[in-house]
Amino acid sequence: MGNLYIFDHPLIQHKLTYIRDKQTGTKEFRELVDEVSLLMAYEITRDLPLQEVEVETPVTTCKSKVIAGKKLGLIPILRAGIGMVDGFLSLIPSAKVGHVGLYRDPETLQPVEYYLKLPSDIQDRVLIVIDPMLATGGSAEAAITALKKRGARQMKLMCLIAAPEGIEKVRAEHPDVDIYVAAIDQQLDEHGYIVPGLGDAGDRLFGTK
């Protein structure tokens, strides 16, 4: 079973409070999501392997460490996932970015795929699937399934807020995928929205209704 990681770092929790606040405007909301994404990226990459190299300092030579060639791929689920990509790229600008376009049918609450564009070597990369909200888990599960069908071997899921129902679905369908979240909320309402949540992440990121 994949691991579940909840980030309780004070900076993440502080910024998440303002992300939740309905009075937070689009510009500040976007900046806060970017900042939290950077902080989460720092933790998600904690297990990247290192190798020792020799470097010359202004004083002498020494042994030091660099990341051991592990390739990363960022796969935001459109459209809200885009808002969490730049924070990650500010730490690891060499990561390749793919996109999975999914929307949730308002009647069935099931995901519908409408776009897919991926790096050509996803089988050689650790993929970070990105979506701010893990609600029913349908979109995340569908995205991970789509990536596996195209050769992905190692994936992690990164979300701001998750509902217990979404976590349960992803873990049941993809027990090999680790899940990283900033908070686990109480439940889903009758419309499939996370409670207390933060509203519609896409609308708040892009100023739409």
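Predicted model: local features only at pLDDT ≥ 70, side-chain atom pairs only at ≥ 80, totals over all residues.
Helices are DSSP runs of H or I with at least four residues, numbered from the N terminus.

View 1. Leaving aside residues up to four places away in sequence, Arg204 touches Ile19, Arg20, Asp21, Lys22, Thr24, Thr26, Phe29 and Leu198.

**View 2. Strand β11 and its partners.** Here we look at strand β11, residues 178–184, where six of the seven residues are buried. Strand β1 (residues 4–6) runs parallel to β11, and three bridges join them. To find your place, look for Leu4, whose bridge partner in β11 is Ile179. Strand β10 (residues 154–162) also pairs with β11 in the parallel sense, over six bridges. Cys159 has Val181 as its bridge partner in β11. Between β10 and β11 the chain passes through helix α5 (residues 164–173), making a right-handed β-α-β crossover.

**View 3. An aromatic cluster of Tyr5, Phe7 and Tyr180.** These three residues form one aromatic cluster, and a search of the whole structure finds two aromatic pairs. The ring centres of Tyr5 and Tyr180 are 4.6 Å apart with planes at 10 degrees, so this pair is stacked. Tyr5 belongs to strand β1 and Tyr180 to strand β11, so the pair ties together parts that are 175 residues apart in sequence. Are these two residues buried or partly exposed? Tyr5 counts as partly exposed, at 32% relative accessibility, while Tyr180 counts as buried, at 4%. For Phe7 and Tyr180, the ring centres are 5.9 Å apart and the planes stand at 35 degrees, so that pair is tilted. This pair also links distant parts of the chain, with Phe7 in the loop between β1 and α1 (10–20) and Tyr180 in strand β11, 173 residues apart. Phe7 counts as buried, at 9% relative accessibility.

View 4. Which form does the peptide bond from Leu78 to Arg79 take? That bond is cis, with omega near 0 degrees. Arg79 is found in the loop between β4 (71–78) and α3 (85–91). The peptide bond from Val195 to Pro196 is cis too, with omega near 5 degrees. You can find Pro196 in the loop between β13 (194–195) and α6 (201–206).

How values were computed. Residues numbered from 1 in each chain as written. Heavy atoms only, no water. Buried < 20%, exposed > 50% of the residue type's maximum accessible area, 1.4 Å probe, protein only. Helix = DSSP H or I, 4+ residues; strand = E, 2+ residues; numbered from the N terminus. Pairing = 2+ DSSP bridges. Right-handed = clockwise from strand over helix to strand, strands pointing away. Contact = heavy atoms within 4.5 Å. Phe/Tyr/Trp six-rings, centres within 6.5 Å; stacked < 30°, edge-to-face > 60°.
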